[in-house]
Amino acid sequence: MNILDFIEGGVIDTSWRRVQIPLNKLATPAWTLGNVETLAWPTDDKNRTCYVDNIALRDITRPTVITQGETAPTPVSNRVLRLTFSEAYAASSIRTLANYTLHSTTDSTYSSPVPASDTGMHYRMQHFDNSGIPKNRYDLFLQFAKPLKNGQEYTLTVQGVQDLSDNTMAVTQYRFTYNDRQQLNTNIKVNQVGYLPERPKVGYVGGYLGDLGGGVWAVGTQGNVLFHDPQNGWQAQSTPVTSTLRAVTATREDSAWAVGDGGVILHWNGQQWTRVTSPVSTNLLAIAFDPLNQGWIVGEGGVILRYTGSAWVTVVSPTASSLRGVLAETGSAAWAVGDNGTIIRWNGVKWVMDDNVTNVTLHAVGGSKADDLWAVGDNGTILQRQYGHWKPWADKPTGTPHLYSLAWNHSGAVWAAGDNGALWYKTGFGSNAFTALASGSTTHLRAVVRQNSRQFWGSDANGALITNTGGNWQTAGDLHSGINGMFALPYGALRLPDVLPNVSIQNAQMGNRSERPLTLRYANWHLSGEDVYH
């Protein structure tokens, strides 16, 4: 490379002159500069030595939205658009919703520019380049409150996004026509059973939208419900009751449930909490749904309720002991725990008594699979279910705090929280011991939840929060409410409407078309991040 092409004034002499070389001028097809460690200046053709000072590598290129090819802005549903940027963007710069607007001259819903209602970021590696450096793709998902309509034209305007060097993109507009019957949607997947062409084909719907969606609910005294998302932080949600709420769960952003004293059952539809008819007036203490949206509620006196899809009904219980925790693993497997060491199990037909290995009160049950479950309770009690049976777990920290809450992941890790800021952690499957973590709290923790590998929340009985965002646990403010339970809905899953649509299937050879109903096969939050519809 000839420095004369880049030096200020076009000459090399005894004066210090500025040299500004675009880094891509140094790249070759075999060496992409992804691992630059040294820059060398040899002598020139006159055998002169160049002296160099104040070397700086600066990014002065603005990020851009890719508007051509397969990574051009694409609808992934009728409310979500996917954008791809030319380089890594700063996470803090993508959360301003006014930076993204959608306008249409043919769809009256968007006759005036409408800002996005939420954003989701997603970095992912695609391949390695010739220098062995990973090449990433930088997607951004935009969600809008109102659905797009087939055959209508829209203009997307994007501005204000910055890269990691604080370069701000130029205002960019992209025009497109929405038509979900013609576009190639990567959320539709087809697999063939076997190898022969005539073998059956199986179609699936599922997609991952980065950190779009999800959220955390907390419930407690006086009917209080609070909700957290990255866009708005913690916000109170109004409820129609003032009685104490004991537990909360959710299957999607617009379908959450809370239960509490006096048989109260509440449902969140994405807009408001409403009271649902309850068949009992007993205090309800725990609620859980399995990946196929089959729900269970348990409470005082051994009461058990089951969700039929439209109503809650009582189910025969094998115990009169109060039940304080419930786990719904599949349609044919669920567990509940409670007073006097009670453990009961749903066998797909009825609830039956399970092993009785302790007489202390158990407060929570959870785990990643049926043969690796955990239950915790008073006096530091930890039980494990393995090979079909429960047994006490002795390898744990000293002390006997009452343990009230469990969190876990599908790699077998477990967290248990309780009195005096106790937070005990076990890594992975196997015989690893529980160890004590510094929780950042010395008060009585009543809830701990895991939203993803980089976001945990916990709360004490008075609403003082702790959190972990991938490092150490630390305090995180105060909800100013008594808190009894929390639930974290993982982000990222493309969740179809509660009333699932039909799917249209066309035979490419014969031309005939058929309509089939979609069904939810698995809410696969912790594995691929996708809900799977078939």
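Student: Hi! Which residues does Gln455 touch, leaving out those up to four places away in sequence?
Tutor: Hello! In this predicted model, Gln455 is in contact with Arg450, Thr467, Asn468 and Thr469, once residues up to four places away in sequence are set aside.

Student: And where does Gln455 lie?
Tutor: Gln455 is part of strand E35, which covers residues 455–460.

Student: Is Gln455 buried or exposed?
Tutor: Gln455 counts as buried, because its relative accessibility is 15% and the cut-off for buried is under 20%.

Student: Okay, let's switch to Gly299. Which strand is that in?
Tutor: Gly299 belongs to strand E19, residues 295–299.

Student: What's its relative accessible area?
Tutor: For Gly299 the value is 0%, so this glycine is buried.

Student: What does Gly299 touch, then?
Tutor: Not counting residues up to four places away in sequence, Gly299 touches Asn283, Leu284 and Leu285, along with Ser322 and Leu323.

Student: Which feature does UniProt place at residues 214–307?
Tutor: The UniProt record, an unreviewed entry, gives "domain: Photosynthesis system II assembly factor Ycf48/Hcf136-like" for that stretch.

Student: How much helix and strand is there over residues 214–307?
Tutor: The chain there is 0% helix and 55% strand.

Student: Now some backbone angles. What's the phi of Asp166?
Tutor: Asp166 has a positive phi, about 70 degrees, although it is not a glycine. Asp166 sits in the loop between strand E7 (153–158) and strand E8 (172–177).

Student: Buried or exposed, that Asp166?
Tutor: Asp166 is exposed, because its relative accessible area is 56% and exposed means over 50%.

Student: What about the phi of Tyr387?
Tutor: Tyr387 also has a positive phi without being a glycine, at about 55 degrees. You'll find Tyr387 in the loop between strand E28 (382–386) and strand E29 (389–392). With a relative accessible area of 68%, Tyr387 is exposed.

Student: Last topic, the surface. Which residues make the nonpolar patch of about 280 Å²?
Tutor: That patch is made by Trp41, Val52 and Ile55.

Student: Where does Val52 lie?
Tutor: Val52 is in the segment before strand E1 (74–75).

Student: And why does Val52 count as partly exposed?
Tutor: Because its relative accessibility is 40%, which falls between the cut-offs for buried (under 20%) and exposed (over 50%).

Technical notes
Residues are numbered from 1 along each chain as its sequence is written. This is a predicted model: local features need pLDDT of at least 70, side-chain atom pairs count only at pLDDT 80 or more; totals for chains, interfaces and linings use all residues. Side-chain values use heavy atoms; hydrogens and water are left out. Patches are made of residues with over 30% relative accessible area and no salt bridge: like charges are joined within 9 Å, nonpolar side chains (Val, Leu, Ile, Met, Phe, Trp, Tyr) within 5 Å. Accessible areas come from the Shrake-Rupley method with a 1.4 Å probe; for residues, only the protein chains shown count as cover. A salt bridge is a side-chain nitrogen of Lys or Arg within 4 Å of a carboxyl oxygen of Asp or Glu. Helices (H or I, at least four residues) and strands (E, at least two) are DSSP runs, numbered from the N terminus. Buried means under 20% relative accessible area, exposed over 50%, partly exposed in between (1.4 Å probe, protein chains only). Contact means heavy atoms within 4.5 Å. UniProt positions are given in the numbering used here, feature names are shortened, and annotations may be inferred rather than shown by experiment.
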